Amino acid sequence: MTGAETEDDIPLGERKTVTDFCYLLDKSKQLFNGLRDLPQYGHKQWQSYFGRTFDVYTKLWKFQQQHRQVLDTRYGLKRWQIGEVASKIGQLYYHYYLRTSETSYLNEAFSFYSAIRQRSYYYQVNKEDRPELVVKKLRYYARYIVVCLLLNKMDLVKVLVKELSEEIEDYTQRFNTEDQLEWNLVLQEVAAFIEADPAVVLNDNNSVFVTSNRLQDGGVPPLEQGMVVGQLVLADALIVGNCNNQVKFSELTIDMFRMLQALEREPVNLATQTSKQGTLEPNEKPAKRENPHKYLLYKPTFSQLYTFLSASFKELPANSVLLVYLSATGVFPATHLDYEAGPYDFGGVLTNTNRDVVNGETGQKRNQAQKEMHCLHPGDLFPFTRKPLFIIVDSSNSTAYKNFANLFGQPLVCLLSPTVYPKSVQDQAQRGSLFTLFLYSPLLAFSSVCGLSSVRRGLWERAQEFLRKVFRDIGQMLTRSRSIDQAFLQFFGDEFLRLLLIRFVFCSAALRLHKLFRECRSFPESYPELPKPDTVESGLLQKQVLELAAMLDVQSLFWDDSLDSY
């Protein structure tokens, strides 16, 4: 609107366009801000609200596309404002992904974030003397990087980190802000996250080949014909990260990041379609969800952890499994254990203390007879064994969970990490746990424990093909064993759980043969115990571990005749 122009000079139709746009913009902001008030747990409460929010943003997006010229001249619509709407839609899709675990929503989020950069929606922000607008741009970059990490677009991540670094430098030079250290920390965190993988796969031209570790078609050993296993389905997973000093980015530790991908199928690219006119069209309904629903809990308090556990337990469908993954610092008992020790006497894993202080408890010295309050003890999980429960504990006190009791006769398995590692492995702990790495990418973990920092792509693919055969054999060892606990077989019908069990057996066998791993505490354990001669100490499996070592030219690191070493 020009200075001489009054509102009466604007045609009625155009005035209505501006009014309708303002209404949609205000409504969208109001609904978006309300999202943070929704409970983070539970499957039902959020869906209708998310649906309403999404509908308004879809209308707003299409409205600004259809009336861009009028909005430019009469409303003064700026490109960064269009970028802000696109960014909000990207955030909505990302939160849909977090709520549903449907990976195709990640592709939708990527489409909108990518369009913002390609169309330079935020380009003019740097010319305006408004630091809060620049912060919007920086936050957009941080969110875009998270989505790219989850989609394994590592080359693009590196480009975005470089651009973000330049934006932060420009921002801190132009504005005397207090958040400079905060943004520099974001850069340090994402740089460490990118470098966390201990080994890389190299193409012939020495460029890095990015591998995906989500579940792919044909990636799970099939069940033998006629094999009777449980029909349970993994429906819910709690992924908890509370390790001190582990690499993290955006409330995701590297262990959490790896485990969440181990519980997802490779996304089908159903990304937002770009029509011939080059317009992004939001697409609300992706393909059918086939991934277990996940809660990602970074450094939760005991109260938070128990709340989410209870919500998952309550909403678990019939014939379904709840998986609890704990990657956390160990909490050890204060007193010497006697033979009558119970489920609260072995310690457990750390929960966060920040918001859980009760009656000034932190300021008082604990009585020796009292149990650690900020700890998830094995006994804390007993109530949840009323339904099928699959537990993975990656901790320096994982063995506390060996002292479990199956009180209700439901299927129950605990996979427990080593509690002590050789120094060379322990020194790498900040970049993620070796045990979780084996459950996420067995070949990457095997390469790491053998000190390989890179593997040629051709060799990597041959080794992966060999491992597929090994995993088929491990599957048969488990299902054919006459002495195996039935709990393992009851979980074997679910593809995610089958693969985790097979990778666990491979990890146990490989570490038992490795010359650096000499203590019993350096081997994974399980509850119930696996029959070792049929599985982790099987002659066939030991031979296959040595064959893989020979393939990678690291056989000198393993005991050739493992019987002599016991």
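Student: Why is strand β12 (residues 412-416) largely enclosed by the rest of the structure?

Tutor: This is a predicted model, in which local features need pLDDT of at least 70, side-chain atom pairs count only at pLDDT 80 or more, and totals for chains, interfaces and linings use all residues. Residues are numbered from 1 along each chain as its sequence is written, and side-chain values use heavy atoms, with hydrogens and water left out. Buried means under 20% relative accessible area (1.4 Å probe, protein chains only), and strands are DSSP runs of E, at least two residues, numbered from the N terminus. β12 is largely enclosed because the residues that are buried number five of the five.

Student: Which residue of β12 is the bridge partner of Phe390?

Tutor: Two strands pair if DSSP finds at least two bridges between them. β11 (residues 389-394) runs parallel to β12, with five bridges. The partner of Phe390 in β12 is Val413.

Student: How much space lies in the largest cavity?

Tutor: A cavity is a set of points on a 1 Å grid over the protein atoms alone where a 1.4 Å probe fits but cannot get out; lining residues have an atom within 4 Å of a point. Residues lining the largest cavity include Val240, Pro300 and Leu376. Its space is about 40 Å³.

Methods: Buried means under 20% relative accessible area, exposed over 50%, partly exposed in between (1.4 Å probe, protein chains only). Helices (H or I, at least four residues) and strands (E, at least two) are DSSP runs, numbered from the N terminus. On a 1 Å grid over the protein atoms alone, a cavity is a set of points where a 1.4 Å probe fits but cannot get out, and a pocket is an open set with protein on both sides within 12 Å along at least five of seven lines; lining residues have an atom within 4 Å of a point. Grid points are joined across faces, edges and corners, and a volume is the space filled by probe spheres set on the points.
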